[in-house]
Amino acid sequence: MAGIVLKDVDKYFGENYVIRKLNLEIRHREFLVLLGPSGCGKTTTLRAIAGLEDIDSGEILIDGQAVQSRQAADRDIAFVFQLFALYPHLTAYENIAFPLRATKESKAVVDQRVREVAKALRIETLLNKRPSALSGGDMQRVAIGRALVRRPKALLMDEPIGALDAKLREEMRAELKHIHLQNEATTVYVTHDQVEAMAMADKIAIMNEGVLQQVGSPADVYQYPVNLFVAQFIGSPIMNVVNGAVRPGDGHTQVLLGKDDAVLRFPSELYHKVVEHRHAEDELAIGVRPEGVLVARQSTDGYIPVEAHIIEPLGPYDIVDLKFGRQLLRSRTASGYVEKAGDVVWARLDEKQTHFFNTSTGESLQIRL
Amino acid sequence: MARVELKNVTKKFRRHTALSDLSLDVGDGEFFVLLGPTGAGKTTTLRLIAGLDTPDSGSILIGGADVGKWSAAQRDVALVFQYYSLYPHYTVRENLEFPLKSKHRHFSAAEISGRVARAAKTLRIEHLLERKTDKLSGGEMQRVSIGRAIVRQPRVFLMDEPLSNLDAKLREILRAELKDLQMKLGATFLYVTHDQVEAMSMGDKIGVLNHGRVVQIGSPYQIYNQPRDTFVATFVGSPAMNLLSGVLRDGRVVVAPGKLEIPLQGAILSHLAPGLDRVTLGVRSEDVLLGPGGGLEGQVYGVENHGVEKIVTLKVDEHLLKATVPARMAIAVDSTVPFTFNPSKLRFFDAQTGANLGSVKEEVHHG
């Protein structure tokens, strides 16, 4: 097992860059998720690490060795695709054993390794079955088994559970994570699903249009997104973002949502911090996740009256659309807390969970209150 | 707008029974969601109501009238599909006008342009009216498809997974828009999906379908809190409800002897039929509470960060169960943690049939 380093990697398709100046470090035993919308360059990055795609400039190091000019077969890494590429005429056992057959391992060693992997993947009872007799989840387990059995330096996975249904994905992501904890194989995992990325990753690298946006732990990218793209790509429901402004108040800062649709009281230091950034106080995008929109049923100091619009009961909690003047902000409340559309409740934004972005660049001002 | 009723509808395709004795009552102005996995019979139900297929037995009523012998056009319902069926070489305006220019309708030019303008405003696609539909994004195309249904002012809207081809963020936005639209129009919506989040968030009422049968009909709150059986319990809610099979012994459910035993309180005990010895215990992840006091312990098998919260998988013997905890809580994999259950949220199911042993007697009120 080994670490992987990407240095200034560029990749073009014709005139257009697919990856631009990518610098990324995946530590030994780390589970890194490459996350982004389709076309962001995440799969190309993965394929470049695997050697399935050439890069135009930069370096790729595996275990300290530059590998960008090496063939895929000489990089000692295993690749798992979205569609289970199994041999239909071979049993699950033979499919897993296949990569070892080419080596000179003895039958006993092969058998031992196959059974070890099968045990970790909980497919011991399925080893005699052909792929056609397996469920989608089990086929993908076999495909992963085939990748793990070689004990490669790194495991690369391209949306490996993207084709499965929601419940099975939920199960498989917990299992894959558990397998990783047991194996400690350095893993690079590509997905467009932020829930999967948050749930599985040690570290998430978010890409957009070929450019790396942010690298950090799930908690980091969720709590401290560096720009609007990351802020709104991570998290469901999506982070509320409205244009607004800040004004100095008497012992506090006024935060204006929209064109004075609502005026909220924030700590006085906020205004100074915005000004310190030499940022125009009128050109702010104000972001807050639904759990940062606090709701009370009674009039409460610092809260303003707002009208409830749509209520989405999701089971353990509700998502309630609140009308701050013409601005709709979604709030996460206890189930049944707001009874019906049209009710007036009181609300404010939690200053610790409110983000301020530059409206023209989308960059976060990194103000922490 | 109209009420839609299905009474004892059965539909077979050769030997395969797609719908079996299905009865539904969708109220006038109601947002009714048919939820179920692939092959449950959701789309067949919509096609029968639209008049694209005929049932083998049973009746279909729209606005109180039996429409069994009515053509699709006479039924005056609008279908919106997963795939936007727009005319690619025409503008958005032309696409919206099209349903109003059919031979069977006689609308004045002023009426047509008025309806198109109102629909475009409602869907916020006014700026797209002169654009060709092949220049639109997926979300815009789906808005236009819905617009084509709206201009007709049909008695019922039938929607077949209209959001499932869109990406997650757009789905989230359009889901709120659709609900808003339905409230504004006061229209009857029958909406088909396999996505339980869509069903929960949009439906006034949800009908859960499986293998061509209605399993349960209720408000999102009822479906979530009082699932009729283990199918509904695990199909609705994410993560899926924890199900643990246990033995009833001396007023306790024993899942793992000495390690996972849950004492039952009087009220719950009386729900469980005497003579029953095996039950399936159901508990949602948010009702598995990490902390001391319950005398239960589990080993942390995995931790998933979901931003606002974490989902912890606990292992007790060979049983895995999930708990939702605040994101702030620090939890190490392989550590041993105490936990307990929220006793009022435990659900009990028949080990053989999967039926909820308590929901029959309990009436749940909400709000």
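I204(A) has G216(A) as its bridge partner in β10(A). The two strands involved, β9 (residues 203–208) and β10 (residues 211–216) of chain A, run antiparallel and are joined by 5 bridges. Strands here are DSSP runs of E with at least two residues, numbered from the N terminus, and two of them pair if DSSP finds at least two bridges between them. Look at the turn next: the hairpin of β9(A) and β10(A) has 2 residues between the strands, and E209(A) takes a positive phi near 50° there.

A quick word on what you're looking at: this is a predicted model, where local features need pLDDT of at least 70, side-chain atom pairs count only at pLDDT 80 or more, and totals for chains, interfaces and linings use all residues. Residues are numbered from 1 along each chain as its sequence is written, while chains are lettered from A and ligands numbered from 1 in the order in which they are written.

Now step back to chain A as a whole. An automatic or database domain assignment divides chain A into domain 1 (4–233) and domain 2 (240–358). Their centres, taken over C-alpha atoms, are 40 Å apart. Where they touch, 5 residues of domain 1 are in contact with 5 residues of domain 2, contact meaning that C-beta atoms, placed from the backbone, lie within 7 Å.

Over in chain B, 4 strands make an open, antiparallel sheet in the order β2-β1-β4-β5. β2 (16–26) and β5 (65–66) of chain B each have a single partner strand, so one side of each lacks a neighbour in the sheet. β5(B) pairs with β4 (residues 57–62) of chain B over 2 bridges, in the antiparallel sense, and L61(B) sits opposite D66(B) in β5(B).

How values were computed:
Contact = placed C-beta atoms within 7 Å.
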